[in-house]
Amino acid sequence: TLSDRLTSVLTNLRGKGRLSDADIDATAREIRIALLEADVALPVVRSFIKGVKERAKGAEVSQALNPAQQVIKIVNEELVTVLGGETRRLEFAKTPPTVIMLAGLQGAGKTTLAGKLAKWLSGQGHTPLLVACDLQRPNAVNQLQVVGERAGVPVYAPQPGNGVGDPVEVARNSIEEARRAQHDVVLVDTAGRLGVDEEMMKQAADIRDAITPDEVLFVLDAMIGQDAVNTAEAFRDGVGFSGVVLTKLDGDARGGAALSVREITGQPIMFASSGEKLEDFDLFHPDRMANRILGMGDMLTLIEQAEQAFDQEQAEKAAEKLGSGQLTLEDFLEQMQAVRRMGPLQNLLGMLPGAGQMKDQLANFDEKHLDRIQAIIRGMTPAERADPKIINASRRQRIARGSGVTVSDINDLVNRFFEARKMMQQMAGGFGFGGGGGGSK
Ligand code: GDP
Ligand code: MG
């Protein structure tokens, strides 16, 4: 798997200043192989890796992750984005019935999917009608009838008078029937050939023209591998489709077809089918697919843990600083920003036990006050933040001008900071943790 192969790249470079081009290239090389092994089409691999490299080169350096881990994280995020795009739901027609047409190669899983989708839609309160328009294979109509029975959904099949032998005629008539019997969704199963061929495409296009579907779902066997691209292109050009369904995800395919079809056709993957039973069906989940393509669930868990551990490390360092009297205005600013990222302070305080009695004071609390403090600290040089003692009168004047406050505001902040630092130091000492005494003011 990719994680095995990456161990050679995962030399522990933690703490190194930034992602070097060499680190990125080495990791990208391994990911490229993983994508190809997962049957992602070569042009898609190329453009994907290019995008990832660009993002990695501009990325902020993470202290928590080594460069290889960081590139993997970016790859994973990009993959999820590309696979997911905007997750699209089925589009229902304003005036029923909503017409959904299924297209794809023979054996892709259209008929099975028709049953799954019908059951799923019924479960959501719809009243679908299945339509048998595969008149190529002798057994196909019967297969849909069996599926329909299991799903508890009626099947419109060709019979004398409604267009026997002509799938276009059957499709057209089925819409009338749906209106008459008040089915709000029509699911049209169509024929497929083993390979892409013109006659089949024409038939599918004719059916499409006869029923002007609200959705054409392209059903793609995930096991098809590198052929996914050709097939998808042929159906895009021959029939056109508005969404993709991946089937046979219970097989051992690595799922590269998903990325290829999404990238090449630009159409969203909407559903995933993962077995022969009607229940083996779900909305498509980009994160699961990304995981499958890269084969790195464990690695991603590790990365997450490393990030969390690092947060904790930072928190501990901050606590240590508090106790040892080494707290700087820079730390103070960081902590303040971290807290404020969680939301307005009023809400945070409101969640504390006993906050009910503080309600009035909370209501008067002005976030602008915090903005002002942040502005003042930002107006200081790094040296001043690290050692506020050096902030003399002329520095105070400069900072005041720079951050649009008065000198007395600055005095106020600096004095309070020293007081707070002293108090924390005493508290830490009193509780018996933190560095050993030694006042610093
Ligand atoms: P169609 O020719 O496109 O209508 O394909 P079918 O629905 O007849 O499916 C072809 C074969 O694939 C059948 O044996 C199905 O049981 C099987 N099949 C369909 N979907 C899945 C799936 O998600 N997983 C597995 N394992 N088999 C499937
Ligand atoms: Mg079929």
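1. Around ligand 1, the element that gives the most to the shell is helix H5, residues 110–123, which supplies three residues. This is a predicted model, and everything that follows should be read as a description of that prediction. The shell has 17 residues, of which Gly109, Lys110, Thr111, Thr112 and Ser273 come nearest to ligand 1.

2. An unreviewed UniProt entry gives residues 268–281 the annotation "domain: SRP54-type proteins GTP-binding".

3. For the chain as a whole, the secondary structure comes to 19 helices and eight strands. Of its 441 residues, 37% count as buried. Among contacts with a separation of 6 or more, 75% are made by residues 24 or more positions apart in the chain.

4. The eight strands of the open sheet follow the order S3-S2-S4-S1-S5-S6-S7-S8, and their pairing is mixed. Strand S3 (155–156) and strand S8 (281–283) stand at the edges with a single partner strand each, and therefore one side of each has no neighbour in the sheet.

5. Where do the seven residues of strand S5 lie, buried or exposed? Seven of the seven are buried, so S5 is largely enclosed by the rest of the structure. Glu215, Leu217, Val219 and Asp221 point one way from S5, while Val216, Phe218 and Leu220 point the other way, and all of these residues are buried.

6. The pairing of S5 can be followed on each of two partner strands. Strand S1 is joined to S5 by four bridges, and the two run parallel; Ile100 stands opposite Glu215, and Ala103 stands opposite Phe218. Strand S6, residues 243–247, is joined to S5 by five bridges, again in parallel, with Val219 opposite Val245.

7. Strand S2, residues 128–133, is mostly covered, since six of its six residues are buried. Pro128, Leu130 and Ala132 lie on one side and Leu129, Val131 and Cys133 on the other, and both faces are covered. Six bridges join S2 to S4 in parallel, and Leu129 has Val186 of S4 as its bridge partner. Two bridges join S2 to S3, also in parallel, and there Leu130 stands opposite Val155.

8. Helix H9, residues 227–238, has twelve residues and reaches 16 Å from its first C-alpha to its last, which is close to the 16 Å expected at 1.5 Å a residue. Its buried residues are Ala228, Val229, Thr231, Ala232 and Phe235. An α-helix has 3.6 residues a turn, so residues three or four places apart point the same way. The cover over the buried residues of H9 includes strand S1 (98–103), strand S5 (215–221) and helix H10 (256–265). Just after H9, Gly240 takes a positive phi of about 85 degrees.

9. Some backbone details deserve a careful look, because most residues other than glycine have a negative phi and most peptide bonds are trans. Pro96 and Pro97 are joined by a cis peptide bond, with omega about 5 degrees, and Pro97 is found in the loop between helix H4 (67–84) and S1.

10. Which value does phi take in Gln182, which is not a glycine? Phi is positive there, at about 55 degrees, and Gln182 is found in the loop between helix H7 (167–180) and strand S4 (185–190). Gln182 is exposed, with 10 other C-beta atoms within 10 Å. Thr212 likewise has a positive phi in a residue other than glycine, near 30 degrees. The place of Thr212 is in the loop between helix H8 (198–211) and S5, and Thr212 counts as exposed because it has 10 C-beta neighbours inside 10 Å.

Terms used
Residues numbered from 1 in each chain as written. Chains lettered and ligands numbered in written order. Predicted model: local features only at pLDDT ≥ 70, side-chain atom pairs only at ≥ 80, totals over all residues. Near = placed C-beta within 6 Å. UniProt positions renumbered as here; feature names shortened; annotations may be inferred. Expected span 1.5 Å × (residues − 1). Buried ≥ 20, exposed ≤ 12 C-beta atoms within 10 Å, placed from the backbone. Contact = placed C-beta atoms within 7 Å. Pairing = 2+ DSSP bridges.
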